[in-house]
Amino acid sequence: LFSSSKANAGRVPLAHKLCSPDLDSDLFCFFKLSFRPASSLQTRTLLFSHRPAFLVKPKARYCRRAERLEARSSKPAGKSLWCGFESLQMGQDTPGKRKTLIWDVMSTLVYDPFFVEVPEYLGMPLKQLYKEKDPQIWSDFEMGRCTQEDLLENFFLDRREFDGDGMVGMINNRYEWLPGMEELMKELSAEGHKMHILSNYPVWWSTIEDKLHLSRYATWSFVSCETGVRKPDPKAFDIVEARLSVEPSECLLVDDSPPNVQGAREQGWDAILFKSSEDTREQLRQRGFLRA
């Protein structure tokens, strides 16, 4: 049960067996495993079968049985709580197992100038811009189906002329980290989390990278202009799972778009709706990505 790796060096294992005579014959015991490193106490509770190296996912009735046994136990629990088994039952990460952290970019990590600066540059309110711009050309641009020149020539439904190059230059100058997000990414990177980007964005992503260097923390693995698929299309999530060789339950998306978050959850992913760096930090802490 115990690894001889450096990670467990100096730890003192304590095992508490919770026997139950009415468990299925295939299952025989609960173990409460507590490790005492130099600075903290970590608890692992697992359900084993008689087959070597086989971890059985507990049924709810086994959890309830273990709770009753724990309540009746004459041994004081002290600090050695069997929280690991609860997290298995609740569907959270098993101890030591990390989900793959997937980030949206615009309005999540990086400020998006489309909603304020672009309407101001074009001299119209945002609602009017939505009515007069061609909705399909931007989607095509994000999926790599047309060039920047095509975008600017067909930006408006009436194909009016405007200083498109000036607008692009203005957008490029306004890219910046959202408050607190670079610090959060640094902290996550320092914790050893490997992170990827899943973004609906055109070739301008390279300008963001040149200016802000997001790749110091997360890999630009899945950008719609290269994959040809935009969130919340299920294919966008399928591509991530296939290329990273992960299951849906092993993925966590952070995104500011409710449809994208809903699409990820329908795919079987965990997902956080981005509101602020503080809220995101707290939700990641609750999921075990950051230390309390």
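Analyst: The points below go from the whole chain to its sheet, its helix pairs and some backbone angles. This is a predicted model in which local features need pLDDT of at least 70 and side-chain atom pairs count only at pLDDT 80 or more, while totals for chains, interfaces and linings use all residues. Residues are numbered from 1 along each chain as its sequence is written, and side-chain values use heavy atoms, with hydrogens and water left out.

User: How many helices and strands are in the chain?

Analyst: The chain has 13 helices and eight strands. Both are DSSP runs, numbered from the N terminus: helices are H or I with at least four residues, strands are E with at least two. Of the 292 residues, 46% are buried, meaning under 20% relative accessible area with a 1.4 Å probe and protein chains only; over 50% is exposed, and in between is partly exposed.

User: What makes β6 and β8 stand at the edges of the sheet?

Analyst: Five strands form an open, parallel sheet in the order β6-β5-β4-β7-β8. β6 (218-223) and β8 (270-273) each have a single partner strand, so one side of each lacks a neighbour in the sheet. On average, neighbouring strands are turned by 25 degrees against each other, direction ignored.

User: Why are α8 and α13 called roughly parallel?

Analyst: Helix α8 (residues 181-190) and helix α13 (residues 277-286) pack at about 20 degrees, their axes 9 Å apart. Axes are lines fitted to C-alpha atoms, for helices over the stretch in contact, and angles run from 0 to 180 degrees between N-to-C directions. Angles under 35 degrees count as roughly parallel, over 145 as roughly antiparallel, 65 to 115 as roughly perpendicular, and the rest as oblique. The pair is therefore roughly parallel.

User: Which residues of α8 and α13 meet?

Analyst: M181, E183, L184, E187 and L188 in α8 meet S277, T280, R281 and L284 in α13, where contact means heavy atoms within 4.5 Å. The residues of this contact divide into four nonpolar, two polar and three charged. Here Ala, Val, Leu, Ile, Met, Phe, Trp, Tyr, Cys and Pro count as nonpolar, Asp, Glu, Lys and Arg as charged, and the others, Gly among them, as polar.

User: Is R159 buried, partly exposed or exposed, and what about its phi?

Analyst: R159 has a relative accessible area of 38%, so R159 is partly exposed. Its phi is positive, about 60 degrees, although R159 is not a glycine. R159 is found in the loop between α6 (148-153) and α7 (164-174).

User: Why is S245 called exposed?

Analyst: S245 counts as exposed because its relative accessibility is 64%. S245 also has a positive phi, of about 55 degrees.

User: Where is the cis peptide bond?

Analyst: The bond from K231 to P232 is cis, with omega near 5 degrees. P232 lies in the loop between α10 (224-227) and α11 (234-244). Most peptide bonds are trans.

Notes
Pairing = 2+ DSSP bridges.
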